[in-house]
Amino acid sequence: MSRPVAALASEHESARRLGQIERHDTLAARNARLAAGDELTVRVRRGEEGRASTVEEFQVPYQKWMRVLDALTWIAENKAPDLAYRWFCGTKMCGTCAVRMNGREVLACWEAVEPDMMIEPLRNLPVLRDLVVDRGPFERKVASLEPWIERTAPYPGFPEPLSHRAMKNASKALDCIGCMACYSACPVIGLGALTDFAGPTPLVQLAQTALDPRNNPDKAARALAATGIFHCISCYKCEEVCPAHIPIVSGVIEPLKARAAALVPAMAGHPQTLRRIVSERGRVDPGALVLGVQGLAALRNFPRIWRMLMRGKINPLRTLFRIRTAAAAAARRLLGS
């Protein structure tokens, strides 16, 4: 009889690994499924910048404790010496070996192999060749955000007193190894020019200083204004793939949103309007939200309004008369309004 999920979860510190346990996809489970000499089927997406990619298949003999990086190295040494892939440390420190394995972002140097693998380059970045992506767009974005501290007060000397409360969010961001796995997994980045979202990796890099109490608030405001941070949809895809287990949404992006709302209120039009409506009425009023964010200009898109009305998404009478629910008082109390 299998043990309850809660009991399994208690054996592992992070709930992010619960899905792996349920699917018997842990490191130990994978290695137990394979014996030395078994053949792995490894398909690699290959191509160069400006050319259509192709998928090439290889049979790789399994060795105990084999990682994705070991499989790529075997292919490069025995079958395809022109295979392009990137790594430096091989010990989960440099972050340069990140790829997509069977549709999810992993560190090749740390991820155990599977019997059947599809290896692809990271998404949302230009592919230079095979599995090597151009990190230039990410690095230029990070540099444009000026992720360093400018003090408003003189350095007090060593040791500098810093409380855990003041530094807890900035310190979480310091664990980032810049592997770009979260950048590849982000669906908003995949929308391209439709948004100006900087992406999770640049935001984690920025958080190291923007959430630091020693940093000049004016400088933090300038950087946050260039991030498009409120385009983040809090889908947690970034947290799911982070090899450093950084709470990217809950511990980095949400605190950055709060700081952006305080320093650059114009950026937070949508969340502030939503907060005000819920506080006043005890519920979300989609009609009031659209009008609050877009103003009367929203009325110009009559086809969209008609579709929302027919589907019951909006109720003009409730919006017009500002009808409240019994939860309004509790909402005001919870939201501190």
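Modeller: Before we start, accessible areas here come from the Shrake-Rupley method with a 1.4 Å probe, and the model itself is a predicted one.

Biologist: What percentage of the residues is buried?

Modeller: Of the 337 residues in the protein, 42% are buried.

Biologist: Which residues touch the most other members in the largest nonpolar core?

Modeller: That core has 70 residues, and those touching the most other members are Val 44, Val 60, Leu 72, Ile 75, Ile 119 and Leu 256. Helix α4, covering residues 68-78, gives the most to this core, with 7 residues.

Biologist: What does Ile 119 touch, leaving out residues up to four places away in sequence?

Modeller: With those set aside, the residues that Ile 119 touches include Val 42, Val 44, Val 68, Leu 72 and Leu 131, and also the arginines Arg 43, Arg 45 and Arg 100.

Biologist: Changing topic, which residues make the nonpolar surface patch of about 440 Å²?

Modeller: Phe 302, Trp 306, Leu 309 and Met 310 make that patch, and Phe 302 lies in helix α14, which covers residues 302-310.

Biologist: Why does Phe 302 count as exposed?

Modeller: Phe 302 counts as exposed because its relative accessibility is 52%, and the cut-off for exposed is over 50%.

Note on methods: Residues are numbered from 1 along each chain as its sequence is written. This is a predicted model: local features need pLDDT of at least 70, side-chain atom pairs count only at pLDDT 80 or more; totals for chains, interfaces and linings use all residues. Side-chain values use heavy atoms; hydrogens and water are left out. Patches are made of residues with over 30% relative accessible area and no salt bridge: like charges are joined within 9 Å, nonpolar side chains (Val, Leu, Ile, Met, Phe, Trp, Tyr) within 5 Å. A salt bridge is a side-chain nitrogen of Lys or Arg within 4 Å of a carboxyl oxygen of Asp or Glu. Helices (H or I, at least four residues) and strands (E, at least two) are DSSP runs, numbered from the N terminus. Buried means under 20% relative accessible area, exposed over 50%, partly exposed in between (1.4 Å probe, protein chains only). A nonpolar core is a set of buried Ala, Val, Leu, Ile, Met, Phe, Trp, Tyr and Cys residues joined through side-chain atoms within 4.5 Å. Contact means heavy atoms within 4.5 Å.
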